[in-house]
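Subject: The structure you asked for

Hi,

Have it open while you read, and follow along strand by strand.

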Amino acid sequence: MTDSRSGTAAAPVRVMVVDDHPMWRDAVARDLAAAGFDVVATAGDGPQAVRRAEAVRPDVLVLDLNLPGLPGVEVCRRLVGEGSALRVLVLSASGEHADVLEAVKSGATGYLVKSAGPEELIEAVRRTAVGDPVFTPGLAGLVLGEYRRLAGEAGEAGEAGAGATARGADGPETPHLTERETEVLRLVAKGLSYKQIAERLVISHRTVQNHVQNTLGKLQLHNRVELVRYAIETGLDDA
């Protein structure tokens, strides 16, 4: 892979594949390696996945949910946290809404069902590596809808309390975002990819990423999904 800005060869994305079915796991790893990814490890159960991921530190973890020893959502919770740069793409046979929402709440960046073709998977891993949330068609709306519902309940239950701070009430705890960071956050909440945001604002893809990372730090959030929820709670998605 080549960095188009500098013309130099960019380091390949480091990927780890976790699935308890050896044939499926090996096939996914082969497809990703053939597409130019650096498959640094594989694992067949939950505890093994945690140990190996902590040892090899992949950029993207392609993770099944139904794992022996430790469920996939718990693997995700243990590996994705404050200070972690790991992105998790769930690749599961289940398209159940409860499974999707649980995976996202545990820190997954995206969710793909196993009926996806190799090209769709490869593109999903590429997008996950740069922080874009990737979902099987129909599931993105489910996640956004759930966050809208939760935000609505929070507003009804305590609009004058913690919700007031989230809505931007003046005070020492209210984070200050620049005009550009707010603009990028608004477009993230509308579901635009980094590439689409860059084109809309006529800035580079890297600049969009930097604004998102700065915003995550200021808001003390861990991933783009939490960022979308914050934007919905503050009404930025409707602006």
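The helices (H or I, at least four residues) and strands (E, at least two) are themselves DSSP runs, numbered from the N terminus. Please keep in mind that this is a predicted model, where local features need pLDDT of at least 70, side-chain atom pairs count only at pLDDT 80 or more, and totals for chains, interfaces and linings use all residues. Residues are numbered from 1 along each chain as its sequence is written, and side-chain values use heavy atoms, with hydrogens and water left out.

**The overall picture**

The protein has eleven helices and five strands. Of its 239 residues, 45% are buried, where buried means under 20% relative accessible area, exposed means over 50%, and partly exposed is in between (1.4 Å probe, protein chains only). Now take the contacts (heavy atoms within 4.5 Å) with a separation of 6 or more: 63% of them are between residues 24 or more positions apart.

**The sheet**

In what order do the five strands sit in the sheet? They go β2-β1-β3-β4-β5, in an open sheet with parallel pairing. β2 and β5 are the edge strands, since each of these pairs on one side only. From one strand to the next, the twist averages 20 degrees (the axes are lines fitted to C-alpha atoms, for helices over the stretch in contact, and angles run from 0 to 180 degrees between N-to-C directions). As background, strands of a sheet pair through backbone hydrogen bonds, either parallel or antiparallel.

Have a look at β1 (residues 14–18). Four of its five residues are buried, so the rest of the structure largely encloses this strand. Five bridges link β1 to β2 (residues 38–43) in parallel, and Arg14 has Asp38 of β2 as its bridge partner. To get from β1 to β2, the chain passes through helix α1 (residues 22–34), making a right-handed β-α-β crossover. Right-handed here means that, with the strands pointing away from the viewer, the path from the first strand over the helix to the second runs clockwise. β1 also runs parallel to β3 (residues 60–63), joined by four bridges, with Val18 partnered by Leu63 in β3.

Next comes β4 (residues 87–92): six of its six residues are buried, so to speak "mostly covered". In a regular strand the side chains alternate between the two faces of the sheet. In β4, Arg87, Leu89 and Leu91 point one way while Val88, Val90 and Ser92 point the other way, and all are buried. β3 and β4 run parallel and share four bridges; the partner of Val60 in β4 is Arg87. Four bridges also connect β4 with β5 (residues 110–113), again in parallel, and Ser92 sits opposite Val113 there.

**Helix α4**

β4, helix α4 (residues 97–105) and β5 form a right-handed β-α-β unit. Which residues of α4 are buried? Val100, Leu101, Ala103 and Val104 are buried. These residues span an arc of only 160 degrees around the axis, which puts them on the same side of α4 (the arc is that of the directions from the helix axis to the C-beta atoms). Just after α4, Gly107 has a positive phi of about 120 degrees.

- Arg57 is in the loop between α2 (46–56) and β3. Its phi is positive, about 50 degrees, although Arg57 is not a glycine. With 65% relative accessibility, Arg57 counts as exposed.
- Val202 is in the loop between α9 (194–201) and α10. Val202 is not a glycine either, yet has a positive phi of about 55 degrees. Val202 is exposed, at a relative accessible area of 73%.
- Lys218 belongs to helix α10 (residues 205–219). Buried, exposed or partly exposed? Lys218 counts as partly exposed, at 36% relative accessibility.

Cheers

Note on methods:
Pairing = 2+ DSSP bridges.
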